[in-house]
Amino acid sequence: MKISRRRLARQAAVQALYQWQMNPGHCTEIELQFTSDPERLQGADVAFFKSLWQGVCAAIPGLDPAIAQEIQDRRWADEVSEVERAILRLAAYELRDHPQTPYRVIINEAIELGKDFGAEQGHRFVNAVLDKLAQKWRATEILQAAR
């Protein structure tokens, strides 16, 4: 099965976030590392990757408290793996700041990223957190979908 260009961009964004979390630096440096290495973004929608990366980098200070609120602050700091943290940050950014992308698509993509990169049952945790954030940020869309 062929992976979509947007999924590949999201995968690269999660990898970039993971790298930034493990070795904090300037977002522009990490973006340059990814965009200058053709193998890292092979087949990906590069413009979408850049949009996601730049957006999530700028949004993290506002995203982290919202995510932490949904999972009780202690767990966010102590128990969430770096991979799941990166997936949650990316998907939360999309939920909040990309209303043109249906919330179900964002959550499904995050679940798949969790299956690909996260802990064995990490995708379930990611799903639960994102469902709560979607209820908060996409309530109107959820209501319309239920009708």
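Which residue's side chain does a polar contact join to that of H98? The views below come from a predicted model.

**View 1. H98 and its polar partner.** The partner is Y93: a polar contact of 3.2 Å joins the two side chains, H98 and Y93. H98 sits in a loop. That loop runs between helix α5 (82–97) and helix α6 (103–117).

View 2. H98 has a relative accessible area of 6%. Buried means under 20%, so H98 counts as buried. Leaving aside residues up to four places away in sequence, H98 touches F48, S51, L52, Y93, I106 and R138.

**View 3. The disulfide of C27 and C57.** A search of the whole structure finds one disulfide. It joins C27 to C57, with an S to S distance of 2.3 Å. C27 lies in helix α2 (residues 27–36), and C57 lies in helix α3 (residues 46–70), so the pair ties together parts that are 30 residues apart in sequence. The link of C27 and C57 is left-handed, with -100° about the S-S bond.

View 4. Is C57 buried or exposed? C57 is buried, at a relative accessible area of 16%. C27 has 21% relative accessibility and counts as partly exposed. The cut-off for buried is under 20%.

Conventions:
Residues numbered from 1 in each chain as written. Predicted model: local features only at pLDDT ≥ 70, side-chain atom pairs only at ≥ 80, totals over all residues. Heavy atoms only, no water. Helix = DSSP H or I, 4+ residues; strand = E, 2+ residues; numbered from the N terminus. Buried < 20%, exposed > 50% of the residue type's maximum accessible area, 1.4 Å probe, protein only. Contact = heavy atoms within 4.5 Å. Polar contact = N/O pair within 3.5 Å; in protein donor to acceptor, adjacent residues only side chain to side chain. Disulfide = S-S within 2.5 Å.
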